[in-house]
Amino acid sequence: MTLLPAVLACTLGLSSPGQAQVQYDMSRATCTDYSIMSPPAQRDFAAWMSGWYNGKAGRTEINLQVYQANLATMQKWCTANPSATVMSLIETAFRNASSVPGGPASIDVSGITCGDFVASPPETQLIVSAWTAGYASAGKDAAKIDVKAFARHEKAVHAACTKNKKQLLLPTVGKSWQ
């Protein structure tokens with residue numbers, strides 16, 4: 001499971017976990033917010049943002065090599081621009097990016113079965129899980145994340161995938177986020 005909900009709550013000063021609803025507007029996260037996250041939290045945050053932007057663009061492919069390179073670029077950019085929003089960096093990158101389909105590190109999320117997902121390496125599961133959550137949020141045109149809902153949906157998707165390994169992951173995620 002990803003660390004994103006807990007990290008957002010702690011790092012970004014969200015309300016206490018006992019409250020009914022805890023939301024954070026991902027579009028307001030600054031590079032300073034990002035830089036104080038742990039490396040796993042940075043990975044999950046970046047994966048969510050990548051899924052959100054790819055969802056907006058209608059792209060269903062994650063290239064893990066490009067993703068890792070983008071993480072390094074984001075860390076450098078954030079070091080130089082601590083008060084800038086992470087979203088402004090990603091918007092600029094998406095405007096200037098060209099699609100790089102295929103390759104050994106590419107995953108077309110629209111073709112992943114739940115069985116593929118639960119059998120993948122833990123690091124890949126974490127990235128794909130956060131990415132698909134961002135992707136699902138983009139479909140709702142929402143850059144806000146409800147921390148408790150995120151954790152519930154993540155558990156629901158994993159449980160559904162463990163039960164029915166033949167179903168496709170993306171529709172499973174979509175059903176959970178309705």
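**Surface, fold and confidence**

Modeller: The accessible surface of the protein chain is about 8,800 Å², and carbon and sulfur atoms hold 56% of that. Accessible areas come from the Shrake-Rupley method with a 1.4 Å probe; for residues, only the protein chains shown count as cover. This is a predicted model: local features need pLDDT of at least 70, side-chain atom pairs count only at pLDDT 80 or more, and totals for chains, interfaces and linings use all residues. Residues are numbered from 1 along each chain as its sequence is written, and side-chain values use heavy atoms, with hydrogens and water left out.

Colleague: What is the average pLDDT of the protein chain, and which element has the lowest mean?

Modeller: pLDDT is the predictor's confidence in each residue, from 0 to 100. The chain averages 78, and 78% of the residues score at least 70. Among the elements, H6 has the highest mean, 92, and the lowest, 48, belongs to helix H1 (residues 4-11).

Colleague: How many helices and strands does the protein chain have?

Modeller: Helices (H or I, at least four residues) and strands (E, at least two) are DSSP runs, numbered from the N terminus. From that end the order is α-β-α-α-β-α-α-β-α-α-β-α-α. The count is nine helices and four strands.

Colleague: What share of the 178 residues is buried?

Modeller: Buried means under 20% relative accessible area, exposed over 50%, and partly exposed in between (1.4 Å probe, protein chains only). By that rule, buried residues make up 48%.

Colleague: Of the contacts with a separation of 6 or more, what share joins residues 24 or more positions apart?

Modeller: This counts contacts across the protein chain. The share is 79%.

**Disulfides**

Colleague: How many disulfides are there?

Modeller: A disulfide is a pair of cysteine sulfur atoms within 2.5 Å. Cys31 and Cys78 qualify, with their sulfur atoms 2.2 Å apart. Cys114 and Cys161 are also joined, S to S 2.2 Å. The count is two.

Colleague: Which parts does the Cys31 and Cys78 pair tie together, and how far apart are they in sequence?

Modeller: The torsion about this S-S bond is about -55°, so the disulfide is left-handed. Cys31 lies in helix H2 (residues 31-35) and Cys78 in helix H4 (residues 64-80). The pair therefore ties together parts whose separation in sequence is 47 residues.

Colleague: Which hand does the disulfide of Cys114 and Cys161 have?

Modeller: Cys114 is buried at 0% relative accessible area, and Cys161 is buried at 0%. The S-S torsion is about -40°, so this disulfide is left-handed.

Colleague: What is the pairing of the bonded cysteines, numbered in sequence order?

Modeller: Cys31 bonds to Cys78, and Cys114 to Cys161. In sequence order the pairing is 1-2, 3-4.

**Core and strand contacts**

Colleague: How many residues are in the largest nonpolar core?

Modeller: A nonpolar core is a set of buried Ala, Val, Leu, Ile, Met, Phe, Trp, Tyr and Cys residues joined through side-chain atoms within 4.5 Å. Those with the most contacts inside the largest one include Tyr34, Phe45 and Trp48. Elements giving two or more residues to this core include helix H3 (39-57), helix H5 (86-96) and helix H9 (169-176). The core has 45 residues.

Colleague: What is the relative accessible area of Phe45?

Modeller: Phe45 lies in helix H3. Tyr34 touches Phe45, and also Met74 and Val86, among others. Phe45 is buried, with a relative accessible area of 0%.

Colleague: How far apart in space are Lys144 and Asp25, C-alpha to C-alpha?

Modeller: Asp25 is in strand S1 (residues 23-25), and Lys144 is in strand S4 (residues 144-146). Asp25 touches Ala143 and Lys144, leaving out residues up to four places away in sequence. The separation of Lys144 and Asp25 is 119 residues in sequence, and in space 4.2 Å.

Colleague: Is Lys144 buried, partly exposed or exposed?

Modeller: Asp25 is buried at 18% relative accessible area. Lys144 has 48% relative accessibility, so this residue counts as partly exposed.

Methods. Contact means heavy atoms within 4.5 Å.
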